[in-house]
Amino acid sequence: MNFDYAQLFSAAIPETVVVITAFLALLVDFIFLRNLPARTRTSLLATVTAVGCLSAIAWMGVSHSTYRLDDAIFVVNPMTQLVKQIILALTIFTAFISVQTNFTRHLGEYFILLLLASAGMMFLVSAENILAIFLALELLSLSLYVLTAFNKQSVFSAEAALKYFLFGGMSAAFTLFGLSLIYGVTGEMNLTAIAAKLAGKTTDPLFYVALVMTVIGFGFKVAAAPFHMWAPDAYQGSPTPVTSFIAAGSKVASFFILAKILFTGFAGAEGDAGWHHYISGWTPVLAILAALSVIIGNLAAISQKSVKRLLAYSAIAHGGYALLGILTADQKGFASLIYYVTTYALTVIGAFGVVAVVENYGGDKLSDFAGLSRRAPILSACMMVFMLSLAGIPPLAGFFGKFYVFTSAIQLGAKSLGLLWLVILAIAMSAVSLYYYLQVLKQIYVVDASDKTTVSVALPTQFVIVALAIAVVVLGCVPNLLVGKILAALSLG
Amino acid sequence: MLAWTVYSSFIGAAVVALMPSKSIRAVRATALLTATIGLLLAFAGIVQHTPGQLATITKLNWIPQLGISFHFAADGISLTLVLLTGIAAVCGILFSWNIEHRVKEFFAFYLALIGGVYGVFISFDLFLLFVFYEIAIVPKYFLIAIWGSTRREYGAMKLALYSFIGSAMVLVGIISAYVVAGGKTFDLIELAQFPFPEAFQFWAFPLVFIGFAILAGLWPFHTWAPTGHVAAPTAASMLLAGVVMKLGAYGALRVAMTLFPLGLAAWRDVIALLAVIGIVYGATVALVQRDFKFVIGYSSVSHMGFVLLGLMTLSQIGLSGAVLQMFSHGIIAGLLFGVVGRMVYERAHTRELALLQGMNLSKAIPFAAVTFIIGGVASMGLPGFSGFIAELQVLIGAWQTFPGFAILAGVGILIGVAYTLRAIIKGFFSENEIVSTAHSEPLAPISMPERLGAAILIVTTLVVGIYPRLLLDIISPSWNSELMQHLVKGGAQ
């Protein structure tokens, strides 16, 4: 085997940069920043993170190489680079939101874990080999488990981490079991080769066991009902920036890889989830997860008193909508999925950013948001944008995301409108969701504050939140900015 | 140029939102200026309009991947409603001149709502129309929840959820129509040429029609209307009854009836029946209300029934009557809500008819009494006012197709006379002079903006009532355009 390390290195430069930045952050913190006040320290470390991530993003912007390591362990093409850029942007936002919070003294460790998790996501995005996928997934997950537990003063943080870890471990077991069965059935690790070997074998019961196991494993990862139990506790207990990272970055990467496994690895085993058109395969399984997620997520969110928990259930519901994009099993649906999870990630980081600010003045209960519009008008306006975008009100990005996903889902089997049942369910549930998002906005705008002090926001955090709100508005008004990029990357890749 | 009605409203909303909240006078002036510009543009649009023409204003590719264009156009129907919006917007601001609480936010939401409404009336791309339709939902919620009165949060939430559920139904219909027509375009004019299969139209028509008609107060989906109107602050109830209910009727006409003629034929009788029930039910319930505003709220349901009945006649005279009735009811309901909400309630601090009866308001604020009587007789359908000619046309149209329903609708008019007279007597005239003297506190005189607002509305209804051809000359030829002509032809069969 003739192996060119220079080529591999040049393909993996972005990952290398991120990993180096991770160690650099730790080092800088140890050597120079120990004695500075916490907020300055966090700001500086966030800047280091941003510089590292931005240079990786810029590198991916200029170099258009494609690369494929033997057995698809590491694949680089325009699509993977686009998703990695998105993930790094999300990392930068998360880093700056961390400035607002004050949950730990171990900032160097916090940032190294954040960046290693990002590196894990990047490797995950580039993996088309079941072994590499599993390794990258573990790198990502282990970093996130530790990050979840990072607030040592809070019992809930420990509880969240333990729950996340136990569920995550179990889901890893399911995934591994599923993937090993697939290897057993096909003798291949590479997704394309697996699909080729599976052709014609899709009646093998062992394959179905493998399929279901894999989907369950990833169902945990993306918090799709009924495998969502960990999410509310983990979201609520984690330090808020970590929550936003789990909800945003990790979700983009997980959905991307789930779609890739199903589209590439299980190509030919789609089946049909259409009304009266049922054919067994992976789409019916996902259709059930999607339906359960939108129902359980939206209904459970209604009764929540904690905004973080409310956003956790809303995340489950949004996972359901995103699954609709995968269900289409075609490029168009894939584009809608990427647009959807990206805009969702931007919105949810912003929303958690606002929560992080409000938390400093009490907690994350709905009532802690009372009268925020008079205490922090700009922040409230941004929160309005985020909540309405999550509810799917035009002209915000969340609306176009849903619209795009629904349109691609219905287009599947245009004549029979096969998935219409699921789209109707999703749209109906999205009407329900307006209720609880308005509950948050009602507290902010309608209810009078008991505490009238002005809310002070760290400048970088404020800047990031406003930038995210603007991004959500702009991507909603001109979706082409992103859709065009995704479609171009798909046709190239 | 008409597109600037939309842009200027949103720009005005943004400008108002960015003004310092202390400068109340500047905020009011800006809002009034913005609304006046909108009204002048509407006039200019009517002057320039060639009757019978469907004139394109702007058509740009917006999201070409999905066939979505930024398509503004206008025919006589659009222009009539744009003019109505302009008048209602100006008068609404005049009637809320005295608002002191969070003035800046009030007018920002108000202008955003107006911008959304203008947008719906001139959008000829389904996606664009839907975007504006939903943009109008959110400001309504805040206008009612923050500045409203009786059970404001309940009324606001009910209105928001009803609107959102309606628009969810519309969304399902729109996306399915797009997919069934081949997934190439959302343009209304292009989609209207596609022969949708009858089986599809059979379920898509009621879905979209009722989705829109919820906002038009179609019985039995009208229950948001009285509670919403009562809870809303004066300007918002003027807009709700004056313009927002027309959004529903307009959408039902422009989208559901235009795209799905076969579905329309199948469901026509059912909807006409619901409309007539609405007319009689609304009037009957208005007859026994204790709260002054509820009387007008239910009367709106009744009058909107005429609009829907007129639409179902599918004859030139009935359809024109329906559109004229939209205009007329917008003006008259605005006037009545202005009197009750602003002139009476904010001086007497009650809307209980029983209490008002004791106050003998015709002596205390004669201007309000005279205005209400004028509005009342206009609402009853007295010749010389716009309501007469509109309802007469609807009845003539209905007589040709549904004679039985026409008779019932006539009964509805009679009940209308009864509840209006009851409201006039109970609201303004005391039987017992002694009770009235007990009310010693003098009421504030009617202010200049109120007089001006009332005068504009009275003059409009009189001018249109005396010379209805002003509007009918631009409405009637609209039915001959390529887009709408099948409606009239369908009626001739």
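Modeller: Helices (H or I, at least four residues) and strands (E, at least two) are DSSP runs, numbered from the N terminus. This is a predicted model, in which local features need pLDDT of at least 70, side-chain atom pairs count only at pLDDT 80 or more, and totals for chains, interfaces and linings use all residues. Residues are numbered from 1 along each chain as its sequence is written, while chains are lettered from A and ligands numbered from 1 in the order in which they are written.

Biologist: How many helices and strands has chain B?

Modeller: Chain B has 23 helices and two strands, and its radius of gyration, taken over C-alpha atoms, is 21 Å, close to the 23 Å from the globule rule (2.2 Å times the number of residues to the power 0.38), so chain B is as compact as a globular protein of 493 residues.

Biologist: And what about chain A, how many helices and strands there?

Modeller: Chain A comes to 21 helices and two strands, and its C-alpha trace spans about 70 × 50 × 40 Å along the principal axes.

Biologist: Switching topic, how many residues make the contact between the chains?

Modeller: Counting residues as in contact if their C-beta atoms, placed from the backbone, lie within 7 Å, the contact takes 25 residues from chain B and 27 residues from chain A.

Biologist: Which helix gives the largest share on chain B's side?

Modeller: That is α7(B), with 13 residues of the side that touches chain A; α5 (126-135), α6 (137-147) and α7 (152-180) of chain B each supply at least two residues there.

Key
Two residues are in contact if their C-beta atoms, placed from the backbone, lie within 7 Å.
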